[in-house]
Structure formats: structure tokens, C-alpha cells
Amino acid sequence: MFPKLKIHQTLLAPPLFWLLIFFIIPMAIVIGYSFGLGGVSSGASSGFTLQFYKQALSGMYLGIFLKSFGYAVGATVLTMAVAYPIAYYMAFASDRTKMIIMFLIILPFWTNFLIRMYSIMTILGDNGLVNNVLMQIGIIHEPLKLINNSFGMYVGFVYWNLPFMILPIFSSLDRMDVSMLEASLDLGANHRQTFMKITLPYSIPGAVAGIIFTFIPTLGNFIIPEFLGGTGNTMIGNVITSQYLQARNWPFGSALSTVLMFIVMIFISLYIRYFDPTKSKNMVNF
Amino acid sequence: MLELKNLSKSYGSVKAVKQVDLTIGKGEFFCLLGPSGCGKTTILRMIAGFEKVSGGKILLGGRDITNDSPNKRDVNTVFQNYALFPNFSVLDNINYGLKLKKLPKSELDARTEEVIRLVGLGGFEKRMPANLSGGQQQRVALARALINQPQLLLLDEPLSALDKKISEQTRNELSELQKKVGITFVFVTHNQTEALALADRIAVMKDGLIEHCDKPKEIYERPLTHFVADFIGSMNFFECTVTHSDEQISRLEIPGMGQITLSYNQIQQVGAKVLFCIRPERIKLSLLESSEFENCLGGIIRQKHYLGEITKFIVELSDNKMISVVCQNYLLQLSNEFYDIGEKVNVIWSKTSGELIHVS
Ligand SMILES: Nc1ncnc2c1ncn2[C@@H]1O[C@H](COP(=O)(O)OP(=O)(O)OP(=O)(O)O)[C@@H](O)[C@H]1O
Ligand SMILES: [Mg+2]
């Protein structure tokens, strides 16, 4: 037992070191700042204080937290609605079709993120592709407002999150044995009943993973509101960025970050509690 | 009960099933037997409704079900891999079909209990399929299908995933179970022993066609084609020419070996080329040469395999023709006969042994 354990420890050392340097220490620093420690001046005070947390949970900022939460929920629901049918189609398609769709899903990752944002702006903008086409064929006479509002933001979120939702759902559906569906039909269930009783439960672990992968990054996202959300749609990520970069109020920015991190941690704990991905019972054999 | 009329199935250019005609009676235990890839599963899947037919018709109890979807057919299937629902308990797997029918709870419980008792799964109701042995999973698959009391139960190699002992035990139980419930079974297997032991009738398939369909005894003793004779058990073949034939006997000339006699009630055309086939266990070895034997050919023992119950000899006749002969060991011991490799022997058999196959 003993020598084996030693080998494990040796192998674990580099990643642990990495985590320490680039994850744990920065996090500790952020948490330290948020309590007014570390000598970063905010103008107001120095030394241990809870004032930044009071501020972070005060009316205005609490409102932004709630709004961000609402956006994240909405984006997750919309992404799910778009992703599930695609994942389902993919799982039951021929191997060739699977490959093609997989390729299309991965393709955007090869393009710079900024370029992708600008291309969405070009497509949905006032003089963009969509408005031009609709005006040409005379369906509308004035350009529709498709960006710089919450619609544009949702489009951005769905676009951004789609692969992270499709892939886990696909991988859980793809593992499903088709003969199970045949068995269900054979025993008298119609297609809808088979979907509800067999397919849907089978895809839940994948769907939950997809929800986590979508919800959490959306909650803290600041790029998409910046590009597509316009002036009225500020999310907590934007506030944190501006506290760090413009207001130079690092302690307050850190307090907001810590609260956000805490919220995310609650969700991840719930996920691990109910859908522990390391337990084969849920993921592999489910 | 079940009629397949001119049934065929092609996958692109592959003809998996070619114009099969078959009638299966009510309460029959019917076996589809054939080598891998001959189309057994394809036929079963067409009957169940998972595969669209390319041609022909399927009638169940006189009704045309060719284009019905699987959930509309009064047919249930025991899948080769069992296809249990992994996130349902044994109980929920078993009453899946009944729950869909929205039966009153009392009836649902009664029927579930009955079928659980029938397949001997009492005490396992709460288990998940992953925590069952192969044999137990097989019972769940069987119970799940039987509980619907279908007109027809299809079983695709249900015993092939079990080890030999369990498979034999389950085979016997299956046979009893079928008699008890009286449901028509169509059982697919590539294992001839299974088919012979279980079936009321067997259809032997080759390349998408049924070569011979009859009772196990007939298939074994009077195979219609060379393929069937060869596939079921082992068989010695002799190409020969008819030299005499009347209502009682036929005399055949085996080129380079001599004449043999066979009681055969069909008159053969003199001069016709036929295939004489005889099972190894129908042949005896003898050191004596006597014209009293009805059929006798000389040879030399080339191989000897002791197999416990029996000994199998490979005997070389003239013209380098090798045949196999099987002797019961206790008979050899009783009569103090011990043959060894290299020994000159006579192979003898009675004229009532063996069968003729017409070669076209
Ligand atoms: N979905 C399919 N697409 C193309 N060809 C198929 C398909 N299913 C079966 N076949 C072909 O049809 C033929 C019959 O297959 P089938 O599965 O019915 O054989 P089988 O008798 O059940 O064999 P086994 O004993 O191996 O199960 C085979 O040549 C097989 O390759
Ligand atoms: Mg098969």
C-alpha cells in the first residue's frame, strides 16, 4: 500500500502546485481584499472591515445580482430549448451526420471570440443582414431593435452556451442502447410515452451538467452584456469589471466577486450532492 | 396463428431475408435455427415491428399486422441483451407494460405477483438491474414480456449470454414455462442442441431462406438438404449412384468402395446421382469381415478421441475418404472391444440407417 500511495502523491504534486499558485493564492488575495486587508486603498478605510459586503448586498447591487440571476436562468432555459432537440437528433442520427454536426458545433471555437461577437452585431444590427432581408421583402419598414437590448443579450448567451449544453446531453443520449427504446415500444408505449419514461430520464445527468456549464458562466459573464446588451442591461460581471478597472475600488470589486463565487459554489455543491459525476451510478450506468 | 407470407427484407443490396413462407400454430414452441448472419434476427424484428418489411406480409391471428407499429402488436420480445431499463427497479421493469394499460391497482398487483412467482424472482423486486446476475436479468426480461400475456412471444438467443450450466437449467425452465402459459414462442438460436431440446418445430435457415422446417426428430433423422444434414449434428456423406431401386430397398454404388443397401420407400431412378448420409453413431466398428452384415466397408483407424461418454474414431476408407464413427464407451467395454490407431477395421451399419439427399 505504502509505496503505491507515495507514487500517487508524487504524481499529484505538479497539479497541486499549479492549483496553489494560480487558483488558491489569487482567491485568498481576493477574499483578503474584500475584507479591506492587504493594504489596497479604497479611499474609505484600511484594516479589517465588513463595509464592502454591506455595500455589495445593499439595494442597488442586490438588484443587479438578482437581475443577473434572472438572465442566467432565462439564458439557460432558452439554451436548453434549442440544444435538446439538436442533441436528440444527433444521438439518433447516422455516424456520418453525427460527425458533421459535431464539426459544426466545434467550428466556432476556431474563430476569435471578438470576431464572433462583431459578426453577431453585424448580422443583428440596424443595418444588419436580418433587418436588411426583412426590409427588402417588405415585412418590416423600420429596422427591428435586435441588439443593445435583452433580446440581443439572450441571442449572445444562447449562441455562446449552445455547445456546452449540446455536448453533455448528446453524450448521455448517445450512450443509450436503442434496444431500450424498442423494448419500450414493444411493451406497448407509444413514442411520446417512451420519450417521457425512458429517454428523458436517461438524459437528465447530461442535461444537468449542461445546465451547470451554462448557468454558471452566464451568471458571471460581462462580455456579452457589454457587446450585445446595450446600456440598460448591466450584469454583476460588468459591475465587478468596472470596480476593478474604472473605479479602482478593488476591495469592493473583491467583495462582489466573493459573493458571486459563494453563489456559484452553492450550485456546484448541490450538483455534486445530487448528480455526483464521479459516481458511476448516475453518469455511466444511469 | 402467425403466418409469414413471402416475407423479405433487403438492406441496400444485402438480401437478409428472401421470401420466407412460414405458418406457426397456436401454442407452438417454434425455433428459428441457423448460422450467424442467416437472417434470424431480421425475421424476428420484422415480426415485432422494429424493421419495415421489404416485401410480403405478416398475419397474426388472421389479422394483417405488416404495417402496425410495435406498440400496436400483440407481440412481446425478449431481447438478446435483455434491454432492461437500468433506472427502473426489477418491479418497475416487470410491470412497465401493465402500467401503461392503466389497469386497476388490484389487478396490476395480482398479475405482477403472479408473473414474479412464475419466473422465480420473488424477493428481488426492489433491486436495480445492474445488481442482478445474467440469469436473473434474463428472468426479468422474460417476466416483463410475459406479463402482457401476448399472443406471441419472441426470444432472440435468450440463453446465449449465460454460462453452460445456467443456460441448460434455464432452458428446462423455459420449456416448462411455455407449457404452463400456453403462449406461442418463436425462439431464435444458432445452437442446435437448444433447438432440438426445446422446439416443437424447427426451421433451419441459410442465407435468408428456410431450408427445412419440421419436428426436431425429422430434421435430425431425415434432413432435406446437404446444409441441414451438415449443420445439425455431424454427418458422413457419400456421393453415389443408384443401381437398383424398388419400394423396399435401394442399392447404391459408391465409386471405388462398393455397393451399399438402404431400406428406402421411395423409388429412385436407376443411374441417378445421390448423396448418401449417415450419422457417426449409426456406424459400428468390427474386426470380422462377414457378408452377413448388411453394409460393410473396410478401412484403417487414423484418429481416436476419447470423450468420456463416447469415443470418436476417424476411419480412412479407400480413396482417402475419411469418415467419423462414434462408439459408446460402455458398449466397447462390455464387449471388450478396443480399437487402436492404425488398426484395420470394418465399418458396418444396418440398411435401415442413413438417408438419401438428392443432388441437383
Ligand atoms: N441494419 C442493418 N444494415 C445492414 N445490414 C444488416 C442490418 N441488420 C442486419 N444486416 C445483415 O442482414 C443479414 C442477416 O442479419 P441477422 O442479424 O438477421 O442475422 P442473424 O441470423 O440474427 O445472425 P446472428 O446469429 O449473428 O445474430 C446479415 O448479413 C447482416 O449483415
Ligand atoms: Mg441475431
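Predicted model: local features only at pLDDT ≥ 70, side-chain atom pairs only at ≥ 80, totals over all residues.

Reader: How many helices and strands does chain B have?
Author: The C-alpha trace of chain B spans about 80 × 45 × 35 Å along its principal axes. Among contacts in chain B with a separation of 6 or more, 64% are between residues 24 or more positions apart. Its secondary structure comes to 10 helices and 20 strands.

Reader: What share of the accessible surface of chain A belongs to carbon and sulfur atoms?
Author: For chain B, the accessible surface is about 17300 Å², and carbon and sulfur atoms hold 49% of that area. For chain A, the surface comes to about 16100 Å², and the share of carbon and sulfur atoms is 72%.

Reader: Which helix holds Phe23(A), a member of a nonpolar patch on the surface?
Author: The patch includes Phe23(A) alongside residues such as Leu12(A), Trp18(A) and Ile29(A), and its members have about 1200 Å² of accessible area together. Phe23(A) itself has a relative accessible area of 47%, so this residue is partly exposed. The helix is α1 (residues 2-34) of chain A.

Reader: Is Asn161(A) buried or exposed?
Author: Asn161(A) is located in helix α7 (residues 150-174) of chain A. Beyond its neighbours within four places in sequence, Asn161(A) contacts Thr79(A), Phe213(A), Thr214(A) and Thr218(A). Because its relative accessibility is 0%, and the cut-off is under 20%, Asn161(A) counts as buried.

Reader: Which strand of chain B holds Leu275(B)?
Author: With a relative accessible area of 5%, Leu275(B) is buried. Leaving out residues up to four places away in sequence, Leu275(B) touches several residues, among them His226(B), Phe237(B), Glu355(B) and Val359(B). The strand is β14 (residues 273-278).

Reader: Which elements does the salt bridge between Glu182(A) and Arg45(B) link, and why does the pair join two chains?
Author: Side chains of opposite charge can pair when their charged atoms come close. The side chains of Glu182(A) and Arg45(B) meet at 2.7 Å, N to O. One partner lies in chain A and the other in chain B, so the pair joins two chains; the elements are helix α8 (residues 178-186) of chain A and helix α1 (residues 40-48) of chain B.

Reader: Which glutamate of chain B meets Arg45(B) in a salt bridge?
Author: Arg45(B) is partly exposed, since its relative accessible area is 21%. The glutamate that meets Arg45(B) at 2.8 Å, N to O, counts as buried because its relative accessibility is 18%. That residue is Glu51(B).

Reader: Which residues are joined into one network by salt bridges that share partners?
Author: Over all chains, the structure holds 16 salt bridges. One of them is between Lys5(B) and Glu3(B), at 3.8 Å, N to O; Lys5(B) is partly exposed at 40% relative accessibility, and Glu3(B) is partly exposed at 24%. The network joined through shared partners consists of Asp95(A), Lys98(A) and Asp174(A).

Notes: Residues numbered from 1 in each chain as written. Chains lettered and ligands numbered in written order. Heavy atoms only, no water. Helix = DSSP H or I, 4+ residues; strand = E, 2+ residues; numbered from the N terminus. Contact = heavy atoms within 4.5 Å. Areas by Shrake-Rupley, 256 points an atom, 1.4 Å probe, with all protein chains shown as cover. Buried < 20%, exposed > 50% of the residue type's maximum accessible area, 1.4 Å probe, protein only. Patch = residues over 30% accessible without salt bridge, like charges linked within 9 Å, V, L, I, M, F, W, Y side chains within 5 Å. Salt bridge = Lys/Arg side-chain N within 4 Å of Asp/Glu carboxyl O.
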